[in-house]
Amino acid sequence: MGRKVPIISGIALSSLLLFGSTVSAQDTEALHATDVPSMKEHFKESFKIGAAVEPHQLEGESADVLKYHYNSIVAENVMKPETIQPEEDEFNWEEADKIVEFANENDMDLRFHTLIWHSQIPDWFFLDEEGNPMVDETDEEKRKENKELLLDRLETHVRTIVERYKDDVDAWDVVNEVIDDGEPNEQGLRESPWYKITGTEYIKRAFEVAREYGGEDAKLFINDYNNEVSPKDDHFYNLVSDLVEDGVPIDGVGFQSHIQLGWPTIEESKEAFERFVDLGLDIQVTELDVSIYGWPPSGEYNRYDEIPAEVLSKQADRYTELFDLYKELDANISNITFWGIGDDHTWLDDRASEHSDDGVGKDAPFVFDTEFNVKPAYYAMMGMENPNVDEESEENEEDTTDENKDNSSEETDNTSEDTTDENKDNSAEETDNTSEDTTDENTNNPAEETDNTTEEEKEEGAALADTSTNFPIGLVIGTIILQIGGLLLFSRKQVQS
Ligand code: GLA
């Protein structure tokens, strides 16, 4: 497939020249994802490189990029409880099977996300035999019965899925997001219906059933977000170490890593990871995306081409430090999975739109852009020199950023400080709500929507954007063209007369 995409077309180039503007190497072309070294090859000695996908992404260009760069996939939505078992005992395998088949055909690892979760789960799980919400029950005897009923349902759900896919799945998210962002109780446990009805029993039972039917080789994970920051980091760690101590069959921890340019700090991530190394558990980064916004997301860029180069370059720096850390700990990290493939399709767009002033916001969390061309972040994570940044323009950039430095770094610092607390307290809820709200949209192909909004605009915008570097050759050529035109007119007149 691979193709190079000239950002500035011939026509646009001639008009730019006529107006005396010119282009730096930086702006001339972006390479397509399939024309650069493969990420999975590059990191093959360290860890798998994964992507979250919807079934519709398993065809066409996104599939080509997937096959070329990734050796692991996970379902963005179609393996969640609401899709897999929408009604009691009615299992729906159709969409999930597509992902399993794709992984097998292309020799990719498969992560299963997620057996047990409080979100994107149908209500019937938590209704008693009479159809009343179990959480409202006050009678002690009935509460016990409800607990047993719910644990039976959990067992059926986990057993049925694990039996079906045990030869296909390389890592199971057994439970997802069981820790709260705040401290609703001493252990920081999320007070979901699972917890309210069974206490922590559901966590243990889910792991035990997964082990029983998945066998000794099944790799069982507990997955969460914001588990690098206080107080969630401690609560998460304490729960996991208690589970390990109690002999609960747990093999690894998942760090979702829905993170930002400056948050959490790389030191926080490092510390959080290292604790689990000491516990002898495998670590996976399960849902990586690096939002260009702080918290709450300002969503100030309505279109992809409005995102300033400077922001993408900060994002590249962030990817450098992240992958430096992942490589440093690669003996204990087995998989780095992005929560998407390219910037054309990301749940963060919905989050940015929700918080922006005008209800439209575009995010850009990945290393490939909306057309699967490589971004500065790609070169950064690969430890490669970005061929589109020439020394001269880098020097210029340094000069100009020096002037801006004081202001901009202050701004950035403030942003991360301001937003950290809110992140800790609120982003959990946000994440949940958003993912629930956006699931349908996600399933209904937002990729296409996003594409439509940006495609024409991008061409136009990209052609006109970044024409900042100047030299007068345009003027010279413009003048020559005008002169030739003049001469032609003059000679036609001569012939006519
Ligand atoms: C959480 C869940 C994922 C997904 C994301 C947002 O991280 O684990 O399944 O819903 O939120 O898309």
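Good morning. I begin with Ile283, which counts as buried because its relative accessibility is 0%. The structure before you is a predicted model, and every value I quote is computed from that model.

Ile283 belongs to strand 10. Its C-alpha lies 5.6 Å from the C-alpha of Gly252, although 31 residues separate Ile283 and Gly252 in sequence. Strand 10 spans residues 282-291, and Ser291 is part of it. Is Ser291 buried or exposed? With a relative accessibility of 1%, Ser291 counts as buried. The side chain of Ser291 also has a partner: a polar contact of 2.7 Å joins it to the side chain of Asp363.

I turn now to the ligand. How many residues surround the ligand? There are 13, and the closest are Lys80, His113, Gln256, His258 and Glu287. In the side chain of His113, an N or O atom lies 2.6 Å from an oxygen atom of the ligand. For Asn176, the corresponding distance from a side-chain N or O atom to a ligand oxygen is 3.0 Å. For Trp339, a polar side-chain atom is found 3.3 Å from an oxygen atom of the ligand. Taken alone, the ligand would expose 300 Å², and the protein buries 99% of that area.

The next topic is the aromatic residues. The structure contains 26 aromatic pairs, and I shall describe two of them. To characterise such a pair, one gives the distance between the ring centres and the angle between the planes.

In the pair formed by Phe126 and Trp194, the ring centres are 5.2 Å apart and the planes stand at 85 degrees, so the arrangement is edge-to-face. Where in the chain do Phe126 and Trp194 lie? Phe126 is in the loop between strand 5 (109-112) and helix 7 (140-165), whereas Trp194 is in helix 8 (residues 193-198); the pair thus links distant parts of the chain, 68 residues apart. Both Phe126 and Trp194 are buried.

The second pair consists of Phe236 and Phe255. Here the centres are 6.2 Å apart and the planes are at 65 degrees, so this pair is edge-to-face as well. Phe236 sits in helix 10 (residues 232-245) and Phe255 in strand 8 (residues 252-255), and the two are 19 residues apart. Phe236 is buried, with a relative accessible area of 0%, and Phe255 counts as buried at 0% relative accessibility.

Phe236 and Phe255 also belong to one aromatic cluster, whose other members include Phe43, Phe47, Tyr237, Phe273 and Tyr319. Tyr237, a member of that cluster, has a charged neighbour: the charged end of Arg275 sits over the ring of Tyr237, 4.5 Å from its centre.

Why may helix 13 (residues 348-355) be called largely enclosed by the rest of the structure? Six of its eight residues are buried, so the description applies. The buried residues are Leu348, Asp349, Asp350, Arg351, Ala352 and Ser353. Among these are Asp349, Asp350 and Arg351, which count as charged.

Thank you for your attention.

Conventions
Residues are numbered from 1 along each chain as its sequence is written. This is a predicted model: local features need pLDDT of at least 70, side-chain atom pairs count only at pLDDT 80 or more; totals for chains, interfaces and linings use all residues. Side-chain values use heavy atoms; hydrogens and water are left out. A residue is near a molecule or strand if one of its heavy atoms lies within 4 Å of it. A polar contact is a pair of N or O atoms within 3.5 Å; within protein, one must be able to donate a hydrogen and the other to accept it, and residues adjacent in sequence count only if both atoms are side-chain atoms. Accessible areas come from the Shrake-Rupley method with a 1.4 Å probe; for residues, only the protein chains shown count as cover. Rings of Phe, Tyr and Trp (its six-membered ring) pair if their centres lie within 6.5 Å; planes under 30 degrees apart count as stacked, over 60 as edge-to-face and the rest as tilted. Helices (H or I, at least four residues) and strands (E, at least two) are DSSP runs, numbered from the N terminus. Buried means under 20% relative accessible area, exposed over 50%, partly exposed in between (1.4 Å probe, protein chains only). A charge sits over a ring if NZ of Lys or CZ of Arg is within 6 Å of the ring centre and within 35 degrees of the ring normal.
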